[in-house]
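Hi,

Here is the structure I promised to pass on to you. Have a look at it first, then read my notes below.

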Amino acid sequence: EGTLNIPLLGPVTLAGLTFDSAVDLLNKRLEKELIGTKISLSLVKLRSITIYVLGEAYMPGSYTVSGLSTVTNALFVSGGVKKTGSLREIAIKRNGKTVHNYDFYNLIVKGDTSSDFRLEDGDTVFVPFIENRVTMGGAFKRPSLYEFKKGDTLNDAIQLAGGFKSGSKVNRRVEISTLDLELEERKIFYLPGQDKDLSYRLSDGDVINVSGNSNYLSEVIEISGEVKNPGSYSIAEGDTVLDALNKAGGLRDSSYSEGAVFLRK
């Protein structure tokens with residue numbers, strides 16, 4: 001119930017305190033009221049609490065978890081969120097009121113656990129439907145479908161996709177396909193891709209594509225067997241098998257060139 005009853009001292013409320021804070025509180029009380037007395041406090045068993053994970057969770061229902069569980073623990077226990085569920089607007093409800101909104105992207109995209117929230121007995125973790133999505137394709141480090149918050153810009157979406165791949169910044173052009181609600185059709189326009197142009201405000205259903213530069217891609221082949229220097233080598237456009245063999249130092253005297261095997265995916 002959150003209280004500790006100590007002989008000669010009476011009940012001490014510890015609910016909501018961390019373990020260290022509870023020890024500190026007890027020591028201060030003892031110094032004032034029971035001079036010369038010391039106390040040792042330890043956790044023997046953690047109590048369990050019952051929570052509810054509802055909405056667009058993968059396995060909605062009632063769960064019994066540790067009293068130290070957080071929103072993240074609850075999501076893992078319930079199997080995560082459906083494709084139709086929001087990862088950025090997860091609501092924690094207590095006594096019929098929303099006490100916290102949790103953005104799961106802080107953990108899975110940024111590795112930040114500071115916004116995680118401790119649950120209490122009877123809390124409800126509610127996963128609403130996803131409202132805003134943007135598709136990032138082309139020369140991004142992590143092209144995929146992402147959820148964005150209202151008011152987010154193109155720059156925010158680029159950060160979610162991990163930024164641009166190497167070589168894509170040179171002469172890059174950002175293609176934006178967006179839905180025109182008035183005309184009920186898609187329109188496509190282009191941005192130069194400079195920092196000042198990345199303030200474009202996202203709309204649900206936007207598709208962002210960035211063209212890369214094939215000249216910056218490294219083509220690599222592997223040469224093995226009876227050559228003087230087997231290993232991996234970079235090749236340029238127009239290189240032949242003979243060019244590749246020369247890069248490897250040529251054939252060894254023990255080689256049998258008639259039996260060479262050439263493999264391509």
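Of the 265 residues of the chain, 32% count as buried, where buried means under 20% relative accessible area, exposed means over 50%, and partly exposed is in between (1.4 Å probe, protein chains only). Keep in mind that this is a predicted model, so local features need pLDDT of at least 70 and side-chain atom pairs count only at pLDDT 80 or more, while totals for chains, interfaces and linings use all residues. Residues are numbered from 1 along each chain as its sequence is written, and side-chain values use heavy atoms, with hydrogens and water left out.

Now the overall build. You'll find five helices and 14 strands in the chain; these are DSSP runs numbered from the N terminus (helices are H or I, at least four residues; strands are E, at least two). The chain is more spread out than a compact globule, because its radius of gyration is 30 Å, well over the 18 Å that the globule rule gives for 265 residues. That radius is taken over C-alpha atoms, and the rule is 2.2 Å times the number of residues to the power 0.38. Along its principal axes, the C-alpha trace spans about 95 × 65 × 35 Å.

Next, the inside. In general, nonpolar side chains tend to be buried together in soluble globular proteins. Here the largest nonpolar core has 21 residues, and Val134, Met136, Phe140, Leu154 and Ile208 have the most contacts inside it. (A nonpolar core is a set of buried Ala, Val, Leu, Ile, Met, Phe, Trp, Tyr and Cys residues joined through side-chain atoms within 4.5 Å.) The elements giving two or more residues to this core are β8 (133-138), α4 (154-160), β10 (174-180) and β12 (206-210), and α4 brings the largest share, four residues. There is also a second, separate core of 17 residues, which includes Ile51, Val65, Phe117 and Val125.

What does Phe140 touch, not counting residues up to four places away in sequence? Its partners are Ile158, Ala161, Gly163, Phe164, Lys165, Ile208 and Val210, with contact meaning heavy atoms within 4.5 Å.

Leu8 lies in the loop between β1 (3-6) and β2 (10-13), and Asn95 is found in the loop between β5 (90-94) and β6 (97-102). Neither is a glycine, yet Leu8 has a positive phi of about 70 degrees and Asn95 has one of about 55 degrees. Leu8 is exposed, with a relative accessible area of 81%, and Asn95 is exposed at 78%.

Cheers
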